[in-house]
Amino acid sequence: MAHYSFLHLTAAALGLGPRSGPVFGGAVPRRRYDVAIIGGGGHGLATAHYLAREHGVSDIVVIEKGWLGGGNTGRNTTIVRADYLLPGNLEFFGHALSMWPDLSRDLNFNVMFSPRGYLDLAHSDAQLDLFIRRANMLSLKGIQARIVDPQTLRDLEPALDIGPKPPVPVLGGLVQAGAGTARHDAVAWGYARSAHRQGVDIVQNCEVTGLKLEHEHIVGVETSRGMIETDTVVVSVAGHSSRLAAMAGIDLPIETYAVQAFVSEPLKPVLNRVTNMNIGLAYVSQTDKGEIVMGGSLEPLASYAQRGSVVRIGETASRLVHLLPFLSRVRLMRAWGGIADVTADGSAIVGPTPVGGLYLNAGWGYSGFKATPAAGWCLAHTVATGEVHPLIRPLGLERFTTGALLDEGGAGPYTWLH
Amino acid sequence: MLIIPCPWCGERDESEFSYGGPARPLPSLDADAAAWRRALYSCDNPMGWREELWFHGFGCRQWVVVRRHTVSQKIVDGRPPENPS
Ligand SMILES: Cc1cc2nc3c(=O)[nH]c(=O)nc-3n(C[C@H](O)[C@H](O)[C@H](O)COP(=O)(O)OP(=O)(O)OC[C@H]3O[C@@H](n4cnc5c(N)ncnc54)[C@H](O)[C@@H]3O)c2cc1C
Ligand SMILES: [Zn+2]
């Protein structure tokens, strides 16, 4: 397979050298693998890539029921940030953010990471206090974050209507300079291509229908294309996590909710940073093509439908119009939804399970795109060495028994409040 | 907009209700830690029909139990809860 480079591109443009063919074809699964990874989203593919490259484990199959990145990986609003509060999440997401700048080079595939900055707006004294506390926690861990006042905000983002008589109060904001966006499907493709180059089989249109256990240990995976024997399985299926875990008799503190995003027609550059509004949640950024990408909070009801209610699109859009009045005259082009796996404390669950050989990577809800490289990295380490990577120790499933929860929102054990 | 069958008022708009989450029976007060862990954190999370609570706040102001399908979003079988919450 070709190594992408300036020379390769130039030669292809001039019609010299071989034409680029498909990067990989439809692999037919073999009978046995050392590791089976269920779910061909960014997380599953990243785990395969790091297992092969960092740990020399390449007898791997990635099993995807649809197409690569067709789950939440290709449906998210592509925001990459690390503005967490609680120890555990702080260190993990700090590390996650630090992996993005080198990812394109690392994968030899352009994931278009754009560290344009992230801006979280405070609309009340209480919110501003919380952001100051969060910025302090981040600074203590060496993760970039600063608080800015409304005057500075006006300079940073002239398009925002924040004064002198703003339609919604804006008291300040938290700015994270190295945060931004990345092209989501390129992340899936980049990891897939790199994993494939290292000998990983990637099987699409193949659904896992059962997990086979013997004496509380994984021995195989039943799929729509036959049985695959293996003694190590990684489950990375986002909204379908509960169903896969149930196949191994594990009951997860997770519910599945739809989340929507929508995008406008292309406009000239107007918005510099990814901007987050906190009177009801709404986030907005502008793509390289000029489209304004918008998203809001979870649909309030547990749902496996990859679509949501038009009422929620209206709610999110009407919030954003207060902040960016020009949006009222802009047409929407597309809206879509994904199904997010939301845990009872709002944080992810990554690591081993009570079933031998079965590892779980779930509960990322609507904020796990940014975690893709780090989750794959830490899980690969855990699977290959048998020792839970220190960064994901606080994210273990056992916290729901020990009580060491990671409740960022302070919302209690209700999935729909996270 | 979803249509919710209230046992007292008939079929009404979703906007008159607030969502109360899945109908989860609480264990007895002297139940062991494992039972409380299940009650607090476990989620059935079915892909299909499930029972849940809704509060008819802009109607009869009663809690109702319904069955909703988590893919088609169809809501059927509105009835009063056994233990009024
Ligand atoms: C609208 C929306 C906006 C979001 N915005 C952001 C954001 O701005 N920033 C951010 O960080 N995160 C965001 N997220 C969350 C982020 O997209 C996810 O957390 C992340 O992409 C999850 O990656 P994944 O690889 O675990 O899951 P997925 O990409 O969903 O991959 C899981 C795969 O498993 C497959 N699968 C399921 N069941 C089976 C089976 N039985 N057999 C075989 N395969 C199966 C699915 O087909 C799917 O392809 C958003 C999510 C949504 C829906
Ligand atoms: Zn009623």
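## Residue classes and basis of the model

The model is predicted, and local features need pLDDT of at least 70, side-chain atom pairs count only at pLDDT 80 or more, and totals for chains, interfaces and linings use all residues. Residues are numbered from 1 along each chain as its sequence is written, chains are lettered from A and ligands numbered from 1 in the order in which they are written, and side-chain values use heavy atoms, with hydrogens and water left out.

Helices (H or I, at least four residues) and strands (E, at least two) are DSSP runs, numbered from the N terminus.

Polar contacts are pairs of N or O atoms within 3.5 Å. In one of them, an oxygen atom of ligand 1 lies 2.5 Å from a side-chain N or O atom of A:Thr73. Nitrogen atoms of ligand 1 also take part: one is 2.9 Å from a backbone N or O atom of A:Val208, and one is 3.1 Å from a polar backbone atom of A:Lys65. Of the 1000 Å² of accessible area (Shrake-Rupley method, 1.4 Å probe) that ligand 1 has on its own, the protein covers 97%.

## Two crossing helices in chain A

The axes (lines fitted to C-alpha atoms over the stretch in contact) of α3 (residues 89-99) and α10 (residues 372-385) of chain A come within 7 Å and cross at roughly 110 degrees. The two helices are therefore roughly perpendicular (65 to 115 degrees). Contact (heavy atoms within 4.5 Å) involves A:Phe92, A:His95, A:Ala96 and A:Met99 of α3(A), and residues of α10(A) including A:Pro373 and A:Trp377.

## Chain B

Chain B has one helix and six strands, in the order β-β-β-α-β-β-β along the sequence.

Conventions: Axes fitted to C-alpha atoms, helices over the stretch in contact; angles between N-to-C directions. Parallel < 35°, antiparallel > 145°, perpendicular 65-115°, else oblique. Polar contact = N/O pair within 3.5 Å; in protein donor to acceptor, adjacent residues only side chain to side chain.
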